[in-house]
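Subject: Structure handover

Hello,

Here is the structure I promised to pass on. Please open it alongside this note. My findings follow below.

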Amino acid sequence: MGTRILLGTVIALALVGCDDTSGLSGADELRASLVADPDLVQIGFPIRLDAGESTDSYGNAARFSDSTFDEFAWDFGDGDLLVTDEYLVDHTYAAPGTYTASVTVIEGDREASAEVEVTVSHPPP
């Protein structure tokens, strides 16, 4: 009889644990992160923009397959825009200058943005 009560308690605890809608980390807040590699590049060479450290409302990083991001909206600062489901993109700038690249991570009707400065130079003579 005591075993049945203990078993019933374990099942009840398991069901209560499944009711957590805020995710394992309790995050509940989108966070955008953006890194440029490299952040100084010559005209005609690609730069990689990485939003993989962005976290969804469950605290899952974008680089993991269990993240719940719907889209990544990229603005490269040179007039080029891209909307994709990829957290990692390459972009090639056509003119020298300093650009502010940004990403907006989108999950349902929620979004968060991050930006990074990129410098593009002429190749050496």
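Two strands pair if DSSP finds at least two bridges between them. Keep that in mind for what follows. Note also that this is a predicted model.

First, the overall picture. The protein chain has one helix and eight strands. Along the sequence, the order is α-β-β-β-β-β-β-β-β. The chain holds 125 residues, and 31% of them count as buried.

Now to strand E4, residues 71-75. Which of its side chains are buried? Phe-72 and Trp-74 are, and both point to one face.

E4 has partners. One is strand E7, residues 97-107. The two run antiparallel and are joined by five bridges. Here Phe-72 has Val-105 of E7 as its bridge partner.

Another is strand E5, residues 81-84. E5 also runs antiparallel to E4, with four bridges between them. Trp-74 sits opposite Leu-82 of E5. E4 and E5 form a hairpin with five residues between the strands. In this hairpin, Gly-77 has a positive phi near 85°.

Last, the surface. Asp-37, Asp-39, Glu-115 and Glu-117 form a negative patch. Glu-117 belongs to strand E8, residues 110-121. Is Glu-117 buried or exposed? Its relative accessible area is 52%, so Glu-117 counts as exposed; the cut-off for that is over 50%.

Best wishes

Terms used: Residues are numbered from 1 along each chain as its sequence is written. This is a predicted model: local features need pLDDT of at least 70, side-chain atom pairs count only at pLDDT 80 or more; totals for chains, interfaces and linings use all residues. Side-chain values use heavy atoms; hydrogens and water are left out. Patches are made of residues with over 30% relative accessible area and no salt bridge: like charges are joined within 9 Å, nonpolar side chains (Val, Leu, Ile, Met, Phe, Trp, Tyr) within 5 Å. Accessible areas come from the Shrake-Rupley method with a 1.4 Å probe; for residues, only the protein chains shown count as cover. A salt bridge is a side-chain nitrogen of Lys or Arg within 4 Å of a carboxyl oxygen of Asp or Glu. Lys and Arg count as positive and Asp and Glu as negative; His and the chain ends are not counted. The place of a charge is taken as NZ of Lys, CZ of Arg, CG of Asp or CD of Glu. Buried means under 20% relative accessible area, exposed over 50%, partly exposed in between (1.4 Å probe, protein chains only).
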